[in-house]
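My notes follow the sequence and model.

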Amino acid sequence: MPIRISGLVKVHNEIRNRLQRGLPVAEHHRFRDQVRTIVLAVETICRNEGTTPNDLPGPSRRAYEALKNLDLRVIPEPQTDGLHAQRKIPHIQNVTAIVRDAGTDMWHHLSRYRGEGLRAGSLIKRFESTIDTVDEVCESYDCRPWELAAPTRHAYSWLRFLSEADNLALHLRALWLVQEALPRVGFTPGEWILSPMAMRSLFRMSPKGGRISVRCNEAFVTFGEEFWTPFVLRSRNPRQDGLGDLVGEFANKPQFIETLAALEGPVLPAEESAVGQHHDLNSAFDRVNRKYFDSAQTRPTIQWSLTPSARTFGRFQFSQNRILVASSLDHPDVPSFVVEFVVYHELLHRVHGIKKVNGRSHVHTSAFRGDEREFERFEEAEAFLSRWSRKLA
Ligand SMILES: [Zn+2]
């Protein structure tokens, strides 16, 4: 007569859930012991009853086998990237759609909004009511704007930026300068469409069905003709004419960086410093961006993290567009290129994103590893970090 071990299935489910959520390193040891104790207990009960786990009823047997075969060598750590955050972050519908519509509306009805204070005022009213909605939802969920999912967060910071009359005037001026230059490349505003927006990269051009849709970072609206005219002219043969060089050159100007800061200010978490005692993370980012990304990456928030761990020296938080670097690397014996390597690795996370396979998240894909090896002193940096982690352990 088969015996039943009550609660085994439930225990297995709990353990599976805990693994999915991830466990802090400090709990790994205890967790392994727990699983082993349960497996042993099942085997002992069966032996005492003169039977084996193989003879357990189906669900119990499967739970036992799953527990016995768990690979306890690798226990995932809790994700801090917001995807598995414990607190509920609201999903606010429509904000991105409202922003997209407002963008196209301004482009196609530019003459309506330019030069007339009243009309621009109606845009600002529209923006403000959406901002209020987001603020209210955030408040009722006790969540801050920088915790929102990236598309909503970007939309929100864009609305905040454009709800200031001076910024809106810059935006409309940029659209106008581009529309003025378009005939010189043989396009009409119906065929070549510009949408400056809050985004992680500097610009993206996608031709589709005879139309060219150009998205660019909102911070470029700070520039006048000196930027927009060559921008349009070089868009005809972007590669040959070095459109990327132009964009990179202007993105490095203090004026751009200031505007970007104003744009992202409302969605940046309370600042901890990027400037350490020995290394400055922002300049590490600048060097990496120039060397490996043609300066095409926008600056994420980069902070020294006070929660250093011996094994992980950096972390990219998708939900906050933030790179954390372990403060154990802010040390005179750590060479700059090692800090740059950590920043580079974390930036690659932003570039590659998260691949979901069978419900599990993969971040260090083979494509990721391939790009990682592009780092000039990759092997040296890796070797240094593993020596450093042994030293800290
Ligand atoms: Zn990584």
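Predicted model: local features only at pLDDT ≥ 70, side-chain atom pairs only at ≥ 80, totals over all residues.

Next I asked which residues of α3 (residues 58-68) are buried. I found S60, A63 and Y64. These three span an arc of only 100° around the axis, so they sit on the same side of α3. I then checked the other side of α3, where G58 and P59 are exposed.

I turned to the pairing of α1 with α3. How do their axes cross, left-handed or right-handed? The crossing is left-handed. I noted an angle of roughly 35°, with the axes coming within 8 Å.

I listed the residues that meet. From α1 come L8, V9, H12 and I15. From α3 come P59, S60, A63, Y64, A66 and L67. I sorted the residues of this contact by type: 8 are nonpolar, 2 are polar and none is charged. The list takes in the buried S60, A63 and Y64 of α3. It also takes in P59, which is exposed.

Last, I went to α10 (residues 243-251). Which of its residues are buried? They are L243, V247, F250 and A251. I viewed them down the axis of α10: they fall within an arc of 100°, so they line one face of the helix. I also looked up what covers them. The cover includes the strand β2 (203-208), along with α9 (225-234) and α11 (254-264).

Definitions and conventions. Residues numbered from 1 in each chain as written. Buried ≥ 20, exposed ≤ 12 C-beta atoms within 10 Å, placed from the backbone. Helix = DSSP H or I, 4+ residues; strand = E, 2+ residues; numbered from the N terminus. Arc of directions from axis to C-beta. Contact = placed C-beta atoms within 7 Å. Axes fitted to C-alpha atoms, helices over the stretch in contact; angles between N-to-C directions. Left-handed = near helix turned anticlockwise from the far one by under 90°. Nonpolar A, V, L, I, M, F, W, Y, C, P; charged D, E, K, R; others polar.
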